[in-house]
Amino acid sequence: MPRRTGYAVLAALAAVVILVSTAIFIGLGGDKGGSGPRAQGARGSAAPASAGAWVGTWSTSAAAAEPRTLRGGLSGMSIRNVVHTSIGGTSTRIQLSNFYSNRPLTITHASVALAAAPSNPTAAAGTMRRLTFNNRTWVTIPPGKAATSDPVRLAVPDAADLLVTTYTPQAAGSVTYHPHARQTSYMARGDRTEDTAGAAYTQQSPYWRYLTGVDVWSKQAEGAVAVLGDSITDGITSTAGANHRWTDFLSERLRSEPGAPRFGVLNQGISGNRVLSDGTQFPPNNPSGLSRFDRDVLSRTGVKAVIIELGVNDILRIPHQTDPNRIVWGLKRLTEQAHARGLRVIGATLTPFYGHRGYTPRLDAVREQVNAQIRAGRVFDEVVDFDKALRDPVSPLRLRPMFDSGDHLHPSDDGYRAMARALDLDHLRGRTAAEL
């Protein structure tokens, strides 16, 4: 055989070996630990694994057991939760929670779809997807636990309304819910889970039930920022259905400003929440920031930064916490928990409440002392000065009138927008915890 011909044969054989080896490598190196979308069958199947990552686009904190649901729950009802995404993706999955029941929760049918119009129970054409859990169309969630669905392929836009519907045929004890959604959701009798039309959804609701998280598979997102807060973060006085919480305005900044990090925004606000003290009952309703930090922040998908807006209710709610060092101690413990995961923490100063029914000079002095330690850099890695952003320049103990919702504690829509503007977006990019 001529030498040149021999070299050509050897080169061809080498190419075949490389191709076979590559095929074997790809076949053995599939998705491990659910890091990418998985095939889920014909209906709404997820795309094959590709460059990208799962990241949280929406979440809420389970706050309590819904009153008057202990015996019958909401059996025989389809619950259509309406939620608003922060960032989009090519596939999605959801989390359902049964934290506040002492009985297993069986969901026999669940779906996700894009809303045809904002705050509307009708699904956009061609977007309805049946959800599965470990390749089953049903899931039983034990008391105190949560379950995540398999991914489904669905093009989820930024800033879109999603419809997440669940149906449970049997009584399952108390319903886990978030009471101050500032968003209208819907219910229908019977299993109308995959109804694309909204005609059967005649019952409106101001709550989110069972649903606590939505993730998307994104090639653009850098991660998510989780915001731990109270009613000010919950957006209790924002315009209902308008997505005017301060976290919504933050999400808008992250989508629109040149050079802003591409982050999902996860609102973990609970109205009345405190740093140190849980609510009543067992498991506790309105769990403290310290007791829920792992559940509501560290366990969220793709979290790269944490914002903490807590402390006012420790001062205002009975029993009043009048030792500023105790509140600061709790805030530092939250920072330490984040640091253990390599996350930087942006912490907020406590906002004014002069004129509120709970105001006293003594309680306001506690607020000022907490703020002094926060501003001195002794508590968080970075500071967002919400007090400075919202206070009246003429009378600094009160909210600026245009930022006051009217109760002298919670901001107006304009106030929430000012809060979002006050945050330095560069603080979200920190990759390592600072030395405090």
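**Ground rules**

I am working with a predicted model, where local features need pLDDT of at least 70 and side-chain atom pairs count only at pLDDT 80 or more, while totals for chains, interfaces and linings use all residues. Residues are numbered from 1 along each chain as its sequence is written, and side-chain values use heavy atoms, with hydrogens and water left out.

**Entry 1: the cavity**

A cavity here is a set of points, on a 1 Å grid over the protein atoms alone, where a 1.4 Å probe fits but cannot get out. Grid points are joined across faces, edges and corners, and a volume is the space filled by probe spheres set on the points.

How many cavities of 30 Å³ or more does a search of the whole structure find? The search finds 1. I noted a volume of about 40 Å³ for the largest cavity. Its lining (residues with an atom within 4 Å of a point) consists of I232, E309, V312, T349, L350, T351, F386 and M419. I sorted these by class: 5 are nonpolar, 2 polar and 1 charged. For such counts, Ala, Val, Leu, Ile, Met, Phe, Trp, Tyr, Cys and Pro are nonpolar, Asp, Glu, Lys and Arg are charged, and the others, Gly among them, are polar.

**Entry 2: the largest pocket**

Next I looked at open space. A pocket is an open set of points with protein on both sides within 12 Å along at least five of seven lines. The largest pocket has a volume of about 300 Å³. I found 27 residues in its lining, with H84, N243, R245, T247 and D248 nearest the centre. The classes are 8 nonpolar, 14 polar and 5 charged.

Which elements supply at least two residues each of this lining? I wrote down β1 (53-59), β3 (77-84), α3 (246-256) and β18 (263-269). Helix α3 gives the most, with 6 residues. Helices (H or I, at least four residues) and strands (E, at least two) are DSSP runs, numbered from the N terminus.

**Entry 3: the second pocket and S271**

The second largest pocket comes to about 220 Å³. Its lining includes S231, I236, S271, N313, R317 and H410. By class, I get 3 nonpolar, 7 polar and 2 charged residues.

Is S271 buried or exposed? S271 counts as buried because its relative accessibility is 13%; buried means under 20% relative accessible area, exposed over 50%, and partly exposed in between (1.4 Å probe, protein chains only). Its side chain makes a polar contact with the side chain of D234 at 2.9 Å. That term means a pair of N or O atoms within 3.5 Å; within protein, one must be able to donate a hydrogen and the other to accept it, and residues adjacent in sequence count only if both atoms are side-chain atoms. Leaving aside neighbours within four places in sequence, S271 is in contact (heavy atoms within 4.5 Å) with H180, D230, S231, D234, I236 and N286.

**Entry 4: strands**

Back to β1, a lining element of the largest pocket. This strand is mostly covered, with 6 of its 7 residues buried. I counted 6 bridges between β1 and β16 (residues 211-218), which run antiparallel; two strands pair if DSSP finds at least two bridges between them. W54 has W217 in β16 as its bridge partner.

Elsewhere, I traced an open sheet of 3 strands in the order β2-β12-β15, with antiparallel pairing. Its edge strands, β2 (64-65) and β15 (208-209), each pair on one side only. Strand β12 (residues 176-178) is joined to β15 by 2 bridges, and Y177 stands opposite R209 in β15.

**Entry 5: helix α9**

In α9 (residues 413-422), I listed D413, G415, Y416, A418, M419 and A420 as buried. These buried residues pack against α2 (231-234), α3 and α8 (386-390).

The peptide bond from I318 to P319 is cis, with omega near 0°. P319 lies in the loop between α5 (312-316) and α6 (324-339).

R182 has a positive phi near 55° though it is not glycine. I place R182 in the loop between β12 and β13 (185-189). H408, in the loop between α8 and α9, also has a positive phi, near 65°. H408 counts as partly exposed because its relative accessibility is 29%.
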